[in-house]
Each structure stands twice: as C-alpha cells, then as structure tokens.
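The sequence and the coordinates are shown first.

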Amino acid sequence: MKIHRVGLNPGNDEGPVPHTGQIAVYNGVAYFTATPDKPYKRDIGIRGQMKELLDRVDARLARVGSDKAMILSIDVTLANVEDVQEMNAVWNEWVDRNDPPARSCTIAQFTKPDILVEVTVRAAVDEERFKAAQAQDAA
C-alpha cells in the first residue's frame with residue numbers, strides 16, 4: 001500500500017518547512033495536525049484560534065476528498081485548562097452533530113507561546129473522492 005503525502009508545512013517568510021508534511025494518507029485514512037494561522041495571534045484568544053484551525057481542518061479534509069463527517073477521531077491540545085469551555089463552544093458550533101468523531105482534550109506547553117490550541121486529526125478518505133481532489137489540486 002502506498003503512503004500519499006499531500007503538501008508541506010507552509011513554514012514562514014523563508015518558505016515551506018521541508019521536514020514537516022501537511023497530510024499523510026494511508027490505507028483510507030488521512031492523518032494531520034492543524035494549528036492557528038501564522039503569525040500566531042494570542043490576542044484573538046482561544047475562540048479566534050480555534051476557528052482558524054477548524055477552517056484549516058476543513059480545507060485539509062477537502063484537499064484529500066474528505067469532510068468533517070468522516071473524521072474518525074480528533075485530539076485537541078490546549079495550552080491552558082481554563083480555555084476548555086470556550087474551546088467547546090467553538091467546537092459545538094463546528095462539529096457535525098450527526099457524525100461526531102471521538103475526541104480527546106489534553107493540556108500541553110507549546111514551543112511557540114502564542115499558540116493556544118492545536119488539533120490532530122484522523123479521518124476516513126474515500127478513494128474516488130481522494131483521486132478527484134488530487135486531480136483538482138494538480139490542475
């Protein structure tokens with residue numbers, strides 16, 4: 001079985017970060033992590049950062065022909081335990097209520113102090129939709 005690697009981490013002003021891919025797809029499952037938009041804006045708070053990264057999740061899922069109804073599990077990592085309630089409010093507005101994924105939430109110290117949240121996603125990928133998304137991405 002082939003591992004498909006889709007995109008590089010966009011990096012910074014100097015260009016992509018070649019040691020980090022955006023998405024890996026293997027055996028019908030997409031794997032990726034999403035962070036808020038760079039430059040990281042601590043002043044928009046957990047709600048703003050969560051909205052940014054969930055938009056990124058939607059975009060990455062579309063890039064491999066998947067969507068949020070196909071998320072198998074998602075790990076949310078927060079910098080501050082006090083942000084759980086606000087993060088949940090944004091999550092509840094976004095999540096597919098008919099097909100909610102398994103979800104965990106942990107607290108960690110990030111290497112970049114302005115990051116308040118990141119998520120790690122595992123989502124099912126339909127092979128035909130994946131091929132179509134890849135063809136569109138190449139065009």
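## Basis and terms

Buried means under 20% relative accessible area, exposed means over 50%, and partly exposed lies in between, with a 1.4 Å probe and protein chains only. The model is predicted: local features need pLDDT of at least 70, side-chain atom pairs count only at pLDDT 80 or more, and totals for chains, interfaces and linings use all residues. Residues are numbered from 1 along each chain as its sequence is written, and side-chain values use heavy atoms, with hydrogens and water left out.

Helices (H or I, at least four residues) and strands (E, at least two) are DSSP runs numbered from the N terminus.

## Packing of α1 and α2

Helix α1 (residues 45–63) and helix α2 (residues 84–94) have axes that come within 9 Å and cross at roughly 35 degrees. Axes are lines fitted to C-alpha atoms, for helices over the stretch in contact, and angles run from 0 to 180 degrees between N-to-C directions. The crossing of α1 past α2 is right-handed, that is, the near helix is turned clockwise from the far one by less than a right angle.

On the α1 side, the contact (heavy atoms within 4.5 Å) is made by Ile46, Arg47, Met50, Lys51, Leu54, Val57 and Asp58. On the α2 side, Glu86, Met87, Ala89, Val90, Trp91, Glu93 and Trp94 take part. By class, this contact has nine nonpolar, no polar and five charged residues. Here Ala, Val, Leu, Ile, Met, Phe, Trp, Tyr, Cys and Pro count as nonpolar, Asp, Glu, Lys and Arg as charged, and the others, Gly among them, as polar.

The structure holds six salt bridges, each defined as a side-chain nitrogen of Lys or Arg within 4 Å of a carboxyl oxygen of Asp or Glu. One of them joins Asp37 and Arg56 at 2.9 Å, N to O. Asp37 lies in the loop between β3 (29–34) and α1, while Arg56 belongs to helix α1, 19 residues apart. Asp37 is partly exposed at 27%, as is Arg56 at 22%.

Asp67 and Arg129 form another, at 3.1 Å, N to O. This pair, 62 residues apart, links the loop between α1 and β4 (71–78) to helix α3 (residues 127–138). Asp67 has a relative accessible area of 29% and Arg129 one of 34%.

Glu127 and Lys131 meet in a salt bridge of 3.3 Å, N to O. Because they are four residues apart in helix α3, about one helical turn separates Glu127 and Lys131. Glu127 is exposed at 51%, whereas Lys131 is partly exposed at 47%.
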